[in-house]
Amino acid sequence: MPDNVGSYAVAHLAGDGIGPEVTAVARDLVDLAGKQHGFTIDWRHCPLGSEHYLRTGEVLPDEVLDGLRKTDAILLGAVGSPQVPPGVLERGLLLRLRFDLDLYVNLRPAKQRPGVDAASAGDLDFVVVRENTEGLYAGAGGIVHRGTAFETATEESLNTRAGVERCVRYAAKLAARRSGKLTLVHKTNVLTNAGSLWMRVAEEVAADQGVSLDYAHVDAACLLGLSASGNLNPDKTGPSMFEPVHGSAPDIAGTGKANPAGAVLSAALMLDHLGEPEAAAELEGAVDAVLAHGGAATTKAWADALAEQLARTEVTR
Ligand code: IPM
Ligand code: MG
């Protein structure tokens, strides 16, 4: 075991539905990888989500947010429950964390995994970089003349040059380290104002970073399913947050059927971000190995198979 024992403070925000089940698997696997690679995680339980809201009326108290600011990373399960009106937790918890922690990059790697050929796309391997703090989600807009025939609801899409540019720059730098190919995904044929700004900035930044630039409409690009994500503060002025792309799946919550692969791959992104790339690669390798053997039918079977794979990696290392 290496003697430079690192320690990271990670908030475990399990959240709703299957969130607790899948992040419990990820958390155990991270601890196991830590034993093998000589780091420890100081897990900080963060009981936010629908239950907490229904019991206390609190979504994200300021002092909890301040506590989260002091962590090295946040591992999030999923947010949202049929018992809570739409938007309360999505806006008040998830989006508030993204905005207040300035997690302006939403990183979503999409890769063809062994045994999963749903995409039928051959050697699929790309990374989605989604702007995470502006656009339609920024919260600009409102409702006027509520309850009348002329009730008007607006959501304005906010796109600042600075906000677009820092996101595109992150993506272009990532592309330069990978294939050298950057694709802007937008809906420039309809959203012509925002589309124009994004296109011009992407052209400038791609030229500046020496990567090729391609374009696809969002509807064409959405044909593929993605699994893990990181909400990044690339400047590392605070913690970044990692979550599976799937939602809280209340229909299967508690049945033991949830697949923890997205949570484990999100934990792998987290380890990479924390400076533990070998442990991250082993977590990802364990997921691939389990998939190559046909996956597993239950959360528990996934957890056991992943732990076994990780132990095996250790023996051969
Ligand atoms: C996601 C989720 C969120 C989003 C919602 C819940 C705000 O669907 O992380 O993909 O659209 O970003
Ligand atoms: Mg989504």
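Visitor: Let's start with His273. Where is its place?
Guide: His273 belongs to helix α8. Helices here are DSSP runs of H or I with at least four residues, strands are runs of E with at least two, and both are numbered from the N terminus.

Visitor: Before we go on, what am I looking at?
Guide: This is a predicted model, so local features need pLDDT of at least 70 and side-chain atom pairs count only at pLDDT 80 or more, while totals for chains, interfaces and linings use all residues. Residues are numbered from 1 along each chain as its sequence is written, chains are lettered from A and ligands numbered from 1 in the order in which they are written, and side-chain values use heavy atoms, with hydrogens and water left out.

Visitor: Thanks! Is His273 buried or exposed?
Guide: His273 counts as buried because its relative accessibility is 16%. Buried means under 20% relative accessible area, exposed means over 50%, and partly exposed is in between, using a 1.4 Å probe and protein chains only.

Visitor: And what does His273 touch?
Guide: Setting aside residues up to four places away in sequence, His273 touches Leu232, Asn233, Lys236, Ser240 and Phe242. A contact means heavy atoms within 4.5 Å.

Visitor: Lys236 is on that list. Where is its place?
Guide: Lys236 is in the loop between β10 and β11 (240-244). Lys236 counts as exposed because its relative accessibility is 53%. Its phi is near 55°, a positive value in a residue other than glycine.

Visitor: Which loop has Ala249 in it?
Guide: The loop between β11 and α8. Ala249 also has a positive phi, of about 40°, although it is not a glycine. With a relative accessible area of 22%, Ala249 is partly exposed.

Visitor: Back to β10. Which strand is Ser229 found in, and which residues does that strand cover?
Guide: Ser229 is in strand β10, which covers residues 228-232. It counts as buried because its relative accessibility is 0%.

Visitor: What lies 2.7 Å from a polar atom of the Ser229 side chain?
Guide: The backbone oxygen of Glu243 does. That is a polar contact: a pair of N or O atoms within 3.5 Å, where, within protein, one must be able to donate a hydrogen and the other to accept it, and residues adjacent in sequence count only if both atoms are side-chain atoms. Beyond four places in sequence, Ser229 touches several residues, including Arg108, Phe242, Glu243 and Ser266.

Visitor: New topic: what surrounds ligand 1?
Guide: Glu90, Leu94, Leu95, Arg98, Arg108, Arg130 and Tyr137 do. A residue is near a molecule if one of its heavy atoms lies within 4 Å of it. This shell has three nonpolar, no polar and four charged residues. Ala, Val, Leu, Ile, Met, Phe, Trp, Tyr, Cys and Pro count as nonpolar, Asp, Glu, Lys and Arg as charged, and the others, Gly among them, as polar.

Visitor: Which helix gives the most to that shell?
Guide: Helix α4 (residues 88-100), with four residues. The buried residues of α4 include Leu94, Leu95 and Arg98.

Visitor: How far is a polar side-chain atom of Arg98 from an oxygen atom of ligand 1?
Guide: That distance is 2.7 Å. An N or O atom in the side chain of Arg130 is also 2.7 Å from an oxygen atom of the ligand, and a polar side-chain atom of Tyr137 lies 2.7 Å from one too. The protein covers 72% of the 320 Å² of accessible area that ligand 1 has on its own, with areas from the Shrake-Rupley method and a 1.4 Å probe; for residues, only the protein chains shown count as cover.

Visitor: How many residues does the largest nonpolar core have?
Guide: It has 42, and Val10, Val30, Leu75, Val264, Met270, Leu283 and Leu306 have the most contacts inside it. Helix α8 (residues 261-274) gives the most to this core, with ten residues. A nonpolar core is a set of buried Ala, Val, Leu, Ile, Met, Phe, Trp, Tyr and Cys residues joined through side-chain atoms within 4.5 Å.

Visitor: What does Leu306 touch?
Guide: Not counting residues up to four places away in sequence, Leu306 touches Val25, Leu29, Val264, Ala286, Val287 and Val290. Apart from this core lies another, of 19 residues, among them Ala11, Val84, Leu93 and Leu97.

Visitor: Last one: which helix does Glu284 lie in?
Guide: Helix α9 (residues 277-292). Its side chain makes a polar contact with the side chain of Lys111, at 3.2 Å. Glu284 counts as partly exposed because its relative accessibility is 24%.
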